[in-house]
Amino acid sequence: MSKEITSRAKDYSQWYNDLVIKGSLADYTAVRGCMVIKPYGYALWENMRDALDKMFKDTGHVNAYFPLFVPKSLFEAEEKNAEGFAKECAIVTHYRLKNDPDKPGKLMVDPEAKLEEELIVRPTSEAIIWNTYKGWIQSYRDLPLLINQWANVVRWEMRTRLFLRTAEFLWQEGHTAHATKEEAIIETEKMLDVYADFAENWMALPVIKGIKTANERFAGAEDTYCIEALMQDGKALQAGTSHFLGQNFAKAFDVKFSDKNNKLEYVWATSWGVSTRLIGGLVMAHSDDEGLILPPRIAPIQVVIVPIYKGDEEKGMIDNVIDKLLPQLKALGIRVKYDDSDNQRPGWKFAEYEMKGVPIRVAIGARDLKNNVVEIARRDTKAKNTVDVNGFEFYIKELLDEIQLHMFNRAKQFRDDHITIVNSWEDFEQTLDTKAGFVSAHWDGTAETEDAIKEKTKATIRCIPLNNTLENGNCILTGKPSKQRVLFARAY
RNA sequence: CGGGAGGUAGUUCAGCCCGGUAGAAUACUUGGUUUGGGACCAAGGGGUCGCAGGUUCGAAUCCUGUCCUCCCGACCA
């Protein structure tokens, strides 16, 4: 089998697929639009999940689990939300199969077993959760309610891509209830900060925090905050969202509480989520034509040690050294793998772990034993270095931090180089076609103009950046007055 | 749902036009030699050719239908 990764320059789609599949993260399955996440990819997800989970808990949230199935009547209670998802729902209509009388050995749906009420496979859990919260909230003393769920959801998309858009995906969804509007908005913004912190400091993925326009807003939300990342092909990726839901769901599901004055009020809500899509973003933002490049903080394997030897005697000598080195590395909390399998030669292993994106490779052979050194190769720059064995665990520890930082800085440099300020329609179109990336431009604030721009260029408004500087200008398309720039891009 | 490509060994694919014993590489198993950037030799196992019809003495190959996958669009809180 060809192990080569398709060049980015040739075909980004193929390049991306190669990275995911040959990097052992995931693969296609027999089920349309679904993927299997392989052990290596799942280990990556677990590291991300654990880091996020801790951040949620540090901000006062707890985990719970709600059902996969949502009765249709509940699902449709919040009209805008239901409408927004209606076109991409999987629906359970029957609960039994039976033998097909016309085709021996085959099964058919038993028409007798039709459900009274259809069950929607959750595309998101607001409906079932708010129906539950109704029973949990009576008094202001029950608030705030800060719950997160780790779950799978299903969205029957027309066109799917590994990690970036699959029919079923894993995610977390936080759903909180608050006594006041102000508190809910603070929560919405706080969780956006958590996401940005995670993306930048754990995934080395620079993001722009912003607010979505009405067109791009979550169905049922008052405001959708987002973090937007830039991929190497110049397309933007929505990496996470945090929604201020106002009282929409409280009203739809009749969730009221008595305040201190014993007055009944609807609660204020937020929801926020990130998914396995983040892995797609990670792959597209950092990898090269040799394979994945994973940030050390979440890499399933941070250091791989490859022995190079002739015969059992040399192998024994190397083993002796490694037996001392492994505990030293593990004592520093480093995830290390000693690959002394003899099915493959060193060269094969080098290529394999590069494809899997392992941040640091340590090679040790007879030559090194004599000099009491090891060869250290970093994945991000491909630089090789010979290091003394004494104290090398501290060198590794520092190098991991350096790689993490370097990956972030490199991605940030790329991102910053691809934010282009334009003031005319000609420049706008030309920039999108030749340079791609984010385009910062004035917009008149209307949905019609946004739609027209999308129609003409396929670019959408990714967000109105938070902390945007106000400046007077004219809409790129209509010339109408505008008070601030927004970020446009073609997106995944 | 429109346009394009495809479905043959675990994987990547050839064979199809012009019908006649199922192929290659790689992976796998065994033995041996190797090991500082994807090793080599020898032997071996492995496929109802996506599915269903049809034409034919005979179909991976021709015809019809159908299902599925990938790519490009439309869709995408």
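Throughout these legends Ala, Val, Leu, Ile, Met, Phe, Trp, Tyr, Cys and Pro count as nonpolar, Asp, Glu, Lys and Arg as charged, and the others, Gly among them, as polar. This is a predicted model, in which local features need pLDDT of at least 70, side-chain atom pairs count only at pLDDT 80 or more, and totals for chains, interfaces and linings use all residues. Residues are numbered from 1 along each chain as its sequence is written, and chains are lettered from A, with ligands numbered from 1, in the order in which they are written.

**View 1. The surface near RNA strand B.** RNA strand B is surrounded by 45 residues, a residue being near if its C-beta atom, placed from the backbone, lies within 6 Å of the strand. The closest are Arg-32, Phe-218, Gly-347, Gly-365 and Arg-367. By class, this surface has 17 nonpolar, 11 polar and 17 charged residues.

**View 2. Elements that supply the surface near RNA strand B.** Helices (H or I, at least four residues) and strands (E, at least two) are DSSP runs, numbered from the N terminus. The elements that each supply at least two residues include α1 (12-22), α4 (79-85) and β19 (360-365), while the largest share, 8 residues, comes from α10.

**View 3. The open sheet β4-β8-β5.** In this order 3 strands form an open sheet with antiparallel pairing, where two strands pair if DSSP finds at least two bridges between them. Because β4 (69-71) and β5 (91-94) stand at the edges, each with a single partner strand, one side of each is left without a neighbour in the sheet.

**View 4. The pairing of β5 with β8.** The antiparallel strands β5 and β8 (residues 114-121) are joined by 3 bridges, and Val-92 stands opposite Leu-119 in β8.
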